[in-house]
Every structure is written in structure tokens, then in C-alpha cells.
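Subject: A structure for you to explore

Hi there,

Here is the structure I promised to pass on to you. Please have a look at it first, and then read my notes below.

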Amino acid sequence: MTSQLNQPLKQWHYIAIIAGVAVCTALVTGLLVNIFERKGEALNPYVRLVEVTEDDTDPQKWGINWPREYDSYKKTAITTSTRFGGHGGSEAMPTEKIERDPWLKRMFLGYAFSIDYRDRRGHAYMLEDQEKTQRLTKPQTGSCLHCHASVMPLFRKLGNGDAMLGMQEIYKSSYQDMNKMLHDMGNAHPVSCVDCHDPKTMQLRITRPGLLDGIQKLAASNAPAPYLPSIEQWRKGDRKQNYNPNTDASRTEMRAMVCGQCHVEYYCSNKSPLTFPWGNGLKAEEIETFWNNTKFSDETQFFDYAHKESGAKLLKAQHPEFELWSQGVHARSGVACADCHMPYMRDGATKVSDHWVRSPLLNISRACQTCHKFSEQEIKERVDLIQERNYQLMQRAAKALMDQLDAIQAATNEGATDTQLAKTREFQRMAQWRLDFIAAENSMGFHAPQESARILGEAADLARQGQIVAINWRTVVAPQ
Ligand code: HEC
Ligand code: HEC
Ligand code: HEC
Ligand code: HEC
Ligand code: HEC
């Protein structure tokens with residue numbers, strides 16, 4: 001068999017081979033150039049028209065470099081609402097929660113939240129709404145600004161360049177004084193680009209001292225943290241350096257933690273620096289334990305306010321979105337806040353994160369359907385079912401608490417003493433903490449449906465136990 005291979009190559013064959021090699025070389029070179037260009041892009045991925053620095057809190061300036069993100073960011077000023085989300089009505093201020101649910105108002109008697117407590121709305125309003133709230137008719141601290149303004153330059157000023165120190169100082173000054181200083185410095189903006197992004201690299205980063213401190217204590221605790229794998233990883237190391245999200249956390253975790261700078265339970269007063277109560281874990285009862293172990297400077301047990309009717313010394317829960325999310329199946333599956341609240345959108349050839357932070361139910365196709373292959377209607381119904389069940393259970397728990405308060409009032413009228421009321425007041429503190437934890441959380445149970453139901457079930461049970469104790473006040477031996 002004589003194959004063609006054994007025949008001498010003809011001249012045109014040589015030419016074909018040379019041409020082929022040339023084409024291949026060109027292709028490989030082109031590919032390499034392309035790879036290098038992309039690497040360059042990754043290091044400095046943005047063409048900048050203006051320089052931005054740590055002190056540039058005005059988002060408009062950043063918008064010159066990143067117009068797409070800025071355009072969507074500005075949309076947080078648009079009024080939106082869903083059945084349980086956003087804020088209803090077209091009025092100048094969002095609806096009063098305490099008028100819609102009168103049990104909330106009674107629960108907060110003796111505290112500023114019974115004066116004014118409204119629905120939240122978009123990020124564009126955060127500073128304005130804080131400045132306008134009637135809760136400011138009671139003395140409030142400068143620490144309030146931690147989550148309502150682009151506040152880092154003010155923290156640095158107060159701490160002579162050290163923001164962590166600045167936050168240790170700001171609680172001593174009144175809200176009004178610190179708010180004025182912020183305006184005078186030209187930093188009176190709602191949460192801004194510089195709060196979540198490093199101006200040099202545009203990488204996500206944590207700026208807020210509250211989270212840096214709180215998460216460090218969470219990492220140092222024994223509480224299981226499967227929702228943040230980098231904490232479990234850090235615990236396996238030598239622990240010479242404190243856990244620091246800016247160096248230890250994964251990108252996915254950062255996509256949740258940037259929101260955890262504010263959407264969390266906290267204590268904020270003129271008695272001590274702002275505190276994220278995470279030293280025992282993020283679950284409702286772990287936070288309760290943290291507060292129960294916290295003492296005021298005079299060694300008495302920590303409380304937020306004394307209830308006007310019952311005299312019980314109570315805790316107030318604040319928007320624990322990060323905490324409830326951590327207990328849900330999405331967190332367990334590595335789905336972060338930004339996946340649902342800032343999903344990618346296409347802008348020509350570019351993928352952009354939607355900076356119009358809002359209810360994902362207004363945006364189901366991009367927020368949910370990337371992972372869940374059901375129709376928009378089906379997804380909406382599933383969420384509504386979760387929220388409706390949570391809402392009903394919450395009303396049941398609230399009814400139980402109101403009945404307990406009635407029983408305490410009756411016992412008081414019948415002459416029960418402080419000692420005889422001590423036990424039922426303890427039950428009120430526990431029941432109310434749980435009810436408020438879910439009522440103050442803004443997803444109506446969606447972020448962790450089973451955990452939410454568990455907490456509400458406990459709330460109802462504890463309130464009913466407290467009611468029985470109050471009814472039987474004559475026979476109860478109060479704890480010493
Ligand atoms: C799997 C998707 C998903 C993830 C992850 C998620 N959320 Fe949500 N979130 C929702 C849905 C759905 C609602 C209910 C919206 C509604 O009722 O209109 C909601 C509601 C909210 C609300 C109230 C929204 C409004 O319009 O009133 C806030 C605030 C919020 N989430 C913050 C967070 C934060 C902070 C995180 C991360 C710690 C997070 N969410 C993680 C889906 C998600
Ligand atoms: C600096 C603090 C801060 C950070 C960081 C922050 N938020 Fe908010 N967020 C707020 C405040 C304050 C409000 C309420 C504003 C108001 O009612 O005036 C709010 C409101 C919201 C709302 C309700 C919007 C609406 O239209 O009703 C959602 C949803 C939300 N935030 C989600 C997020 C997510 C997701 C992240 C992270 C990507 C995040 N937030 C980061 C402070 C913050
Ligand atoms: C740890 C962060 C944080 C701190 C500190 C904080 N807030 Fe907020 N605040 C939020 C978030 C997040 C929301 C939006 C979610 C909500 O309304 O539940 C909000 C909502 C509000 C709102 C609009 C809804 C309402 O409650 O009527 C007002 C007003 C407000 N805060 C005032 C204050 C005042 C006054 C202080 C100081 C005592 C304060 N905040 C401290 C994070 C914070
Ligand atoms: C509350 C936090 C937060 C604020 C405020 C914020 N961003 Fe972002 N930004 C994010 C998150 C989360 C991502 C997704 C990043 C990732 O996954 O690596 C992102 C991504 C980006 C990106 C990368 C490309 C993209 O779209 O995914 C750019 C550029 C950007 N943001 C610009 C801005 C600008 C400009 C502002 C101010 C107008 C701003 N951001 C304000 C949280 C924030
Ligand atoms: C990045 C992917 C991702 C996104 C985005 C996402 N999910 Fe999920 N979702 C999951 C995973 C993973 C699970 C866990 C179950 C599983 O493995 O299938 C889950 C579970 C659920 C469940 C059942 C568990 C429960 O909590 O009761 C519901 C309901 C749900 N998702 C709704 C939504 C909605 C609504 C959105 C949009 C607001 C959304 N998801 C966005 C990945 C995602």
C-alpha cells in the first residue's frame with residue numbers, strides 16, 4: 001500500500017503548511033494578548049474620568065465613573081410597595097406601623113417607638129426620615145448616624161483619623177449636634193458608594209465599626225456559623241489575628257455583610273457605644289442571652305425601656321434581617337442579600353448589579369428566576385403563602401401578649417405587689433422579645449420561614465404562661 005505520505009511533498013504543500021503555522025501563531029498571539037488585557041482589566045477594571053477618595057461621600061461624583069450603577073442607585077427614591085414590603089400610600093411620609101397594628105403601640109408604651117414608628121422606604125430617604133422622626137423629641141445619640149448617613153469622615157474626625165475610635169466617642173454627643181457637624185462637613189448623604197466600595201479598587205468592603213466589632217465577637221464565640229464558612233475556617237486557624245471580613249470573608253459573604261452593616265439588631269444610646277449583640281451567636285435566644293448578660297455601669301441588668309403599664313424591663317428588637325437571613329436555607333446555600341435585592345441586569349454587553357435596592361418581588365425575573373425555574377406567578381404565590389402564614393402566626397402571638405398585659409393590669413388593680421408581678425414580667429420580657437424580633441424584621445418571615453414560625457410559637461407560649469402566672473398572682477411564689 002503506498003500512502004500519499006510516502007510521496008515527496010509538492011511545493012504547494014509547503015506553502016499550505018507555512019500559511020497554517022502563520023495563522024495558528026496569529027491566533028495564539030491574539031488569545032494571549034486578550035488574556036493579558038483581561039488580567040489588566042481585572043486589576044484596574046474601570047476607566048476613570050475622575051479620581052474618587054475616602055472623603056468623597058457624594059455619589060454624584062462616583063456616578064461620573066460608574067453611570068450605570070449610579071443611575072440605578074438614584075432610583076431608590078422611587079416609591080414602591082408590595083403587600084408587606086416597601087411603604088404604602090402616596091403620602092409624604094410612610095404609613096405608621098403603630099396605627100396599622102395597635103398592639104405594636106401598646107407593646108412599646110413607655111418607649112419612643114410608641115410615638116412614631118413607620119414603614120421603611122428606599123435608601124435615598126434614610127437620612128431625611130431619621131431627621132424627621134418624632135422619636136427625636138426624646139434625647140437621641142449621635143450613634144444613630146452609623147446606619148443613616150455616609151458617616152465615615154465624621155467618625156475619622158472624631159477619632160483623630162481612627163474611625164473605630166470615633167465611634168467610641170460619638171455616643172456621648174447628641175444626635176442634633178452630630179447631625180449638624182455632618183452637614184457642615186458636607187457629608188450629609190444617605191449610604192453612598194464609598195460605604196460599600198474601596199475607592200481605589202472598587203472591591204466590596206466593610207466600613208462600619210459596628211459590624212467589624214460585632215462579627216469579630218461572633219467569630220470568637222462558640223456559636224455554630226455554617227452561614228459564614230469563612231468564620232468556621234478562621235476558627236480552625238491560630239486565631240492570632242482577630243477575624244476581619246475585609247481580609248477573611250469570601251466575595252459571596254461580602255455580598256451579605258455589606259448589608260449587615262445596618263440591617264441588624266443593635267443597641268444605640270447615650271449610655272454606651274453602638275453595640276451589635278453577636279457575642280453568643282445570631283439566633284434570637286442567643287442575642288437575648290447576650291443582653292441578659294449585659295450590665296449597665298451601675299451593675300443592674302440591661303434593658304431598653306420599662307413598660308408603662310406593666311413595669312416590666314424590656315428589650316426592643318430592631319430589623320434583624322441579617323440575623324434571620326443567617327438562619328434560612330438561602331444563607332445555607334450561599335445565596336446573599338445582593339443576589340435577591342441587587343440582581344445582575346444586562347446593559348448592552350455589560351453585566352451590572354442593580355443598585356436600585358428594593359423588594360425582590362418587584363423584580364422576580366432577575367431576583368429569583370435565575371435559580372428557580374417556575375413562573376413569576378408561582379413564585380409570587382409561594383412567597384405570599386409564607387408571608388401570610390407568618391402574618392397570621394404573628395397576630396396570634398400578639399393577641400397572647402395583649403391578653404397577658406390585660407391580666408397583669410387586672411392583677412395590679414387587685415393589689416399585686418412588685419414581687420408578685422416579677423415572674424409574669426419576666427415572661428413578658430421573653431415573649432415580647434421574640435414577637436418583636438419577627439415583627440421588626442422586614443421580610444414578613446420570608447428570610448427564614450421555619451425559624452420565624454419557631455420564634456413566634458415560643459412568643460405565644462411564653463405570653464400565655466405569663467398570663468396564667470398573672471391570673472394566679474396570689475398563689476405564685478415570686479423569685480427573689
Ligand atoms: C432569596 C432571596 C433573598 C435574600 C437572600 C434576602 N432577601 Fe430580603 N427579602 C426577600 C423577599 C422575597 C422579601 C419580601 C419582600 C416583600 O414583602 O415585598 C425581602 C424583604 C426584605 C426587606 C424589606 C423590603 C421592603 O421592600 O420592605 C429588607 C430590608 C430585606 N429583605 C433585607 C435583606 C438583607 C439585609 C438580606 C441579607 C442579610 C436579605 N434581605 C436577603 C428576599 C431575599
Ligand atoms: C448604611 C446603612 C445601610 C446599608 C449599608 C444598607 N441599608 Fe438598606 N436600609 C437602610 C435604612 C436606614 C433603610 C430605611 C430608609 C427609610 O425608611 O428612610 C433601608 C431600607 C432598605 C430596604 C427597603 C427599601 C424600600 O423600598 O422599602 C431594602 C430592601 C434594603 N434596605 C435592603 C438593603 C440591602 C440588600 C443592603 C445591602 C446591599 C442594604 N440595604 C444596605 C440602611 C442601610
Ligand atoms: C445598626 C444600624 C441602625 C442604627 C444604629 C439606627 N438605625 Fe434607624 N434604621 C436602620 C434600618 C436598617 C432601617 C430600615 C428598616 C426598618 O425600618 O425596620 C431603619 C429605619 C429607621 C427609620 C424609619 C422607620 C421607622 O422606624 O419609623 C427611622 C425614623 C430611624 N431608623 C431612626 C433611627 C434613630 C432615631 C436611630 C438612633 C436611635 C437609629 N435609627 C439608629 C438601621 C439603623
Ligand atoms: C450597600 C452597599 C453598596 C452601595 C452603597 C453601592 N454599591 Fe456598588 N455594589 C454593591 C454590591 C453588593 C455589588 C456586587 C459586587 C460583587 O458581587 O462583587 C456592587 C457592584 C458594583 C460595581 C461592579 C460592577 C457591577 O455592577 O456589579 C460597581 C462599578 C459599583 N458597584 C459602583 C457603585 C457606585 C458608583 C455606587 C454609588 C452610586 C455604589 N456602587 C454603591 C454594593 C453597593
Ligand atoms: C442564587 C440562587 C437563588 C436565588 C437568586 C433565589 N433562590 Fe430560592 N432557593 C435557592 C436554593 C439553593 C434553595 C434551597 C433549596 C434547594 O436546594 O433547591 C432555595 C429555596 C427556596 C425556597 C424554599 C425554602 C424556604 O425558604 O422555604 C423558596 C420559597 C425560595 N427559594 C424562593 C425564592 C425567591 C422568592 C427568590 C427571589 C426573591 C429566590 N428564592 C431566589 C436558590 C436561590
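The protein has 22 helices and four strands; helices (H or I, at least four residues) and strands (E, at least two) are DSSP runs, numbered from the N terminus. Please keep in mind that this is a predicted model: local features need pLDDT of at least 70, and side-chain atom pairs count only at pLDDT 80 or more, while totals for chains, interfaces and linings use all residues. Residues are numbered from 1 along each chain as its sequence is written, and chains are lettered from A and ligands numbered from 1 in the order in which they are written.

Let's start with the inside. Of the 480 residues in the protein, 39% are buried. A residue is buried if 20 or more other C-beta atoms lie within 10 Å of its own, exposed if 12 or fewer, and partly exposed in between, with C-beta atoms placed from the backbone. In soluble globular proteins, nonpolar side chains tend to be buried together.

The largest nonpolar core here has 71 residues, and Val151, Phe155, Leu182, Ile215, Met257, Trp325 and Cys337 touch the most other members. Such a core is a set of buried Ala, Val, Leu, Ile, Met, Phe, Trp, Tyr and Cys residues joined through C-beta atoms within 7 Å. This core lies between domain 2 (59–308 + 321–367) and domain 3 (376–471), because both give residues to it; the domain bounds come from an automatic or database domain assignment. Another core, of 39 residues, lies apart from it, and includes Phe113, Ala317, Ile438 and Ala460.

What does leucine 182 touch, not counting residues up to four places away in sequence? Its partners are Leu145, Ala149, Val151, Leu154, Asn187 and Ala188, where a contact means that the C-beta atoms, placed from the backbone, lie within 7 Å. Across the protein, 68% of the contacts with a separation of 6 or more are between residues 24 or more positions apart.

Eight of the 10 residues of α14 are buried, so α14 is largely enclosed by the rest of the structure. Its buried residues pack against α10, α11 (209–220), α12 (229–236), α13 (245–248), α16 (321–326) and α18. Helix α21 (residues 418–440) bends by about 30° at threonine 424; the bend is the angle between axes fitted to the seven residues ending there and the seven starting there. In α21, 17 of the 23 residues are buried, so this helix is also largely enclosed by the rest of the structure.

Now for the ligands. Ligand 2 is surrounded by 26 residues, the closest being Tyr125, Asp129, Cys259, Cys262 and His341; a residue counts as near if its C-beta atom, placed from the backbone, lies within 6 Å. The largest share of this shell, three residues, comes from α18. By class, the shell has 11 nonpolar, 10 polar and five charged residues. Here Ala, Val, Leu, Ile, Met, Phe, Trp, Tyr, Cys and Pro count as nonpolar, Asp, Glu, Lys and Arg as charged, and the others, Gly among them, as polar.

Around ligand 3 there are 22 residues, with Arg118, Arg120, Thr133, Cys144 and Cys147 the closest. They divide into eight nonpolar, 10 polar and four charged. Ligand 4 has 23 residues around it, and Trp66, Glu69, Cys193, Cys196 and Ser353 are the closest. Its shell holds 14 nonpolar, five polar and four charged residues.

Enjoy exploring!

How values were computed
Two residues are in contact if their C-beta atoms, placed from the backbone, lie within 7 Å.
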